[in-house]
Amino acid sequence: MSSTSPASAPAAGLSWEELVTTALLGTDRRTPPGSGSGREAPVALLDAAAVETVRRRAGIRPVRAAVRPEPAAPERRPRLPPAAARRLATLLADRPGAGGGRRGAAPDLMELLPQWLASANAYGYAAPPEVLPALLDAARGRTDLRPAVLAFAGARARWLARLNPDWRFALRAAPGGGAALPGPDEPERVRRLWAEGLFAERVALLTALRARDAVPARELLASTWPTERAEDRLMFLDTLRTGLVAEDEPFLEAALADRSRNVRATAAELLSALPASALAARMAKRATACVAVDHTGSAPTIAVEPPHECDPGMERDGVLPKAPAGRGERSWWLGQLVEAAPLGAWSRRFGGRTPEEIVALPVADDWRGELHGAWCRAAVRQHDPGWSRALLGTPSTPDAGGPGAVSLAERAKLLAALGDGERAEWVAGFIATHGLSEAFQLLGVCAVPWAPPLGRAVVDALNIARDAGSYPWSFSGVMGLAERCLDPAEAVRLEPLTATPEDPENAAPGAGGYWAEAFQRLTTTLRLRATMQSELTPPP
Amino acid sequence: MTQQGVRWTAEQVLALAPDAASRKAGSKLAAAGPWSAAGTSDEGTVWGLCKGSGSKPYQTVIDVADSTGPAYKCSCPSRKFPCKHALGLLLLWAGSDSAVSPGRAAPDWAQQWLSGRRTRAAERTTRTDAASGATSADPEAVRRRAERRAERITAGAAELEQRLTDLLRGGLAATEQAGYGLWEETAARMVDAQAPGLAARVRELGAIPGSGPGWPVRLLKECALLHLLDQGWLRREHLPDGLAGTVRSRIGLPGSPEGPPVRDRWLALAQYDTSDSRLTTRRIWLHGTESGRTALLLSYGAAGRAPELSLPVGLAFEAEVSAYPGAGQLRAALGERFSAPEPACIRPPGVTPAEAAARYGEALRDDPWLDSYPVTLTRVIPTPDGDSWQLADADSGLALPITPSARSRPGLWRLVALSGGTPVTVFGECGHRGFTPLTAWAEETPGATGQAVTLC
């Protein structure tokens, strides 16, 4: 704060600067002039300094104002209901590492924040401005929260982020093509940003354009394609994954001749996802040449004759010639061919058989794993529900469900091609047969909240696990998922499980108590989620 | 005073928590899940059974109707007070959860504790009356004790004067090497002299030589003010009554709220805690909506315990408040309360930055040792100024800088977010170091409620 310049001389006839200098050196070394008031020199100095200090403080005046910040855009979204605003503050106060230790029966509040944000965004509420700093801090530590937080936090969060470098990330990722990106009616700004922008800005621009309209985005990319650096070309090409259309083929076909091997591989992968593309046809031809039905035996059997060489044509179409260590190169080539071939080709190859019939055919000479694995990758890449269903098989088959060498990760990906209801049914069936120990990844791809049959299957399986006498933390992953994904209406059915049972004879000691605690946490969390939802419901 | 039928807000409950961990733990228990047989009576008692890790649930009961503040009892072994169960139950009740059924009779175990408590409280009142009778019976002894203490303080003040003159004789430059020990020892001497106010100031002197550029100026100022206080004490007989009272309170002599009780509707403007290793001090600023007075309530808690008094910001209540002696002293004691705190949309009338600076200057006339003075600024915009921040008047070219310590607190960003570049009303402490914002109000817009937002 600025002080007034002395209007009258200080009491002892000394300026403030002289007082300070004298005090620093000591009155023994520097006798203050005019100290003839009869008191000792140090006392006179302190007297004068006291008067001057109070005088200067009393004369404090405001300073000149700096340039005021440009006001943030006014908020037009409706205000949060008061109870929901309080809930948000509670969720944000539960930062990881704040308490630590065993959770006990208390819910993990921070894990509920994503759901809360999703619901609040669905209603289109405005964030209360005073919680923006806490929201931005939470999103700073957890990148997965960022899109939802930034959508909820709105324009004022970006305004704040310009003032605090800790929150710069909010400026980089403008959600929903925020104010920073040019709109479709601004071709000049688009061209300029594309020509002059930083790499991240250009990727954001291309992604936003592609999401809006596939063709102009590709044309923009093609306009500067030969001059881009190899790493950049790879990232730009990757944006075409969104909204891939048949018209992209010529551009991708040209990219097959790219200087960079990674760019060539990505172009080939994208082309193989276009079943009508020339590359897909070439791959179909190569793949079907290797696989045939052998009718010589008692039952029709699939015979496999993998390629003998990886010719330049195959290499150009993205087949990697060098097999990873420990794999035969012929089976490596076969896998790539089958993976990139359109699945429709197999029906024609096998005399109009359905995917189920094809998958059911025996395969000669141990090729089954290789072939079915490649079909799985193809079904995932081409997002083919028919083949996905066939490859998944019925969930209750005893050999860990699903035929062939289909890993849990691949099964989770296959499930993604099915509709929500069918997916939930399949996973419910899987859990009913195989229990929970393998189910975590599969549960992760199911729609939230879980459909009733799935929820029931999970609760029943947890109940069985408890009766089997193991500790609940063997199932902590599934428990955590259940807390977030189970329909809150299930809380009633869980009520009986929250009581502490007598430990059965074969059970781990004390397990019953821990299970009761885990189920308490589950029901408490479910109730809390129900309360959160009702708090967010707009008043009529 | 009873608060029957008046539910508290969640903020009010959370302010009772002894620390952040309890606040968090309590919030988690604020769901119906672990609670059973919870209820509340018309007399203002809340009770419930909380399922813990053991087989037997904890019995939690809270008497919210007590005029000296809520009382808690819980069968859990926690040494936190109030424990998380009491906080959780109160939050559940505050959230008007159907799990706490109203208008019921307390179960036996709760009733037992309640009646025991009320009997003890009644006994205490009689005893205190008797005890205060006993002390006033021997005014001679009181006077002798006070005299002895005054003599000690006088000896201490004289010794301190000697130290200060020695310091100025040898020069402040020498203190940079002398370090902290010299001041610690002098502070201990002042504690012995029963002058805690002097001791605290001396201890602060010790930190100045290490506080960065410009320290000689700050040290000289503080030495001079300490000298002024010494002199004030040594010549207190010659001072006007008001100023003598100020000196006594600055020296650290206990006063009692002798001012006439002022009944008003008081708005809680700000509440914040500072703590050292032994003591937590809570400051609560009140604004009298009728009288326009500003009063400061102080409440203390032993380390690890929250001070008992808690008045959530933005709530207003009818009560009597009595001032402590001393000119320019805003400290007051809360007397009888006539209504429970309720949310109020009152805001204190505000001034411009220029008027706020002038207010502090005027307040120094009554108390030259004052570091800051409470003011409400109206229509100011938090504005970045290089590495620092200021509160700029929306209608003139003037601004108050924000104090360096407030700059590093998260509250600053809440203030900036609340403003969004538009004018806000800010209550805080304005002094020679700048302005410390404590509470802010935004204009009411579709997105914001215009409620008080705490910044401390």
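**Figure 1. Salt bridges across the whole predicted model.** A search of the whole structure finds 47 salt bridges over all chains. The model is predicted.

**Figure 2. The interface of chain A and chain B.** Chain A brings 68 residues to the contact, and chain B brings 74 residues. About 5700 Å² is buried between the two chains. Carbon and sulfur atoms give 66% of that area. Polar links cross the interface as well: 19 residue pairs are in polar contact, both residues at pLDDT 80 or more.

**Figure 3. The side of chain A that touches chain B.** Which elements of chain A give two or more residues to this side? They are α1 (16-25), α2 (41-58), β1 (63-64), α3 (82-93), α5 (132-141), α6 (146-161) and α27 (511-536). The largest share, 11 residues, comes from α2(A). By class, this side of chain A divides into 38 nonpolar, 10 polar and 20 charged residues.

**Figure 4. A salt bridge between the chains joins Glu40(A) and Arg169(B).** Their side chains meet at 2.3 Å, N to O. In total, the rule finds 3 salt bridges across the interface of chain A and chain B.

**Figure 5. The largest cavity is lined by residues of chain A and chain B.** The structure holds 3 cavities of 30 Å³ or more. The largest cavity has about 60 Å³ of space. From chain A, the lining takes Glu495(A), Thr498(A), Gln520(A), Thr523(A), Thr524(A) and Arg527(A). From chain B, it takes Gly33(B), Pro34(B) and Lys51(B). What classes of residue make up the lining of the largest cavity? There are 1 nonpolar, 5 polar and 3 charged residues.

**Figure 6. A cis peptide bond joins Val448(A) and Pro449(A).** Omega is about -10°. Where does Pro449(A) lie? Pro449(A) is in the loop between α23 (440-444) and α24 (452-467) of chain A.

**Figure 7. Asp365(A) has a positive phi.** The value is near 55°, in a residue other than glycine. Asp365(A) sits in the loop of chain A between α18 (355-360) and α19 (368-382).

How values were computed. Residues are numbered from 1 along each chain as its sequence is written. Chains are lettered from A and ligands numbered from 1 in the order in which they are written. This is a predicted model: local features need pLDDT of at least 70, side-chain atom pairs count only at pLDDT 80 or more; totals for chains, interfaces and linings use all residues. Side-chain values use heavy atoms; hydrogens and water are left out. On a 1 Å grid over the protein atoms alone, a cavity is a set of points where a 1.4 Å probe fits but cannot get out, and a pocket is an open set with protein on both sides within 12 Å along at least five of seven lines; lining residues have an atom within 4 Å of a point. Grid points are joined across faces, edges and corners, and a volume is the space filled by probe spheres set on the points. Ala, Val, Leu, Ile, Met, Phe, Trp, Tyr, Cys and Pro count as nonpolar, Asp, Glu, Lys and Arg as charged, and the others, Gly among them, as polar. Contact means heavy atoms within 4.5 Å. Buried area is the accessible area (1.4 Å probe) that two parts lose on being put together, summed over both. A salt bridge is a side-chain nitrogen of Lys or Arg within 4 Å of a carboxyl oxygen of Asp or Glu. A polar contact is a pair of N or O atoms within 3.5 Å; within protein, one must be able to donate a hydrogen and the other to accept it, and residues adjacent in sequence count only if both atoms are side-chain atoms. Helices (H or I, at least four residues) and strands (E, at least two) are DSSP runs, numbered from the N terminus.
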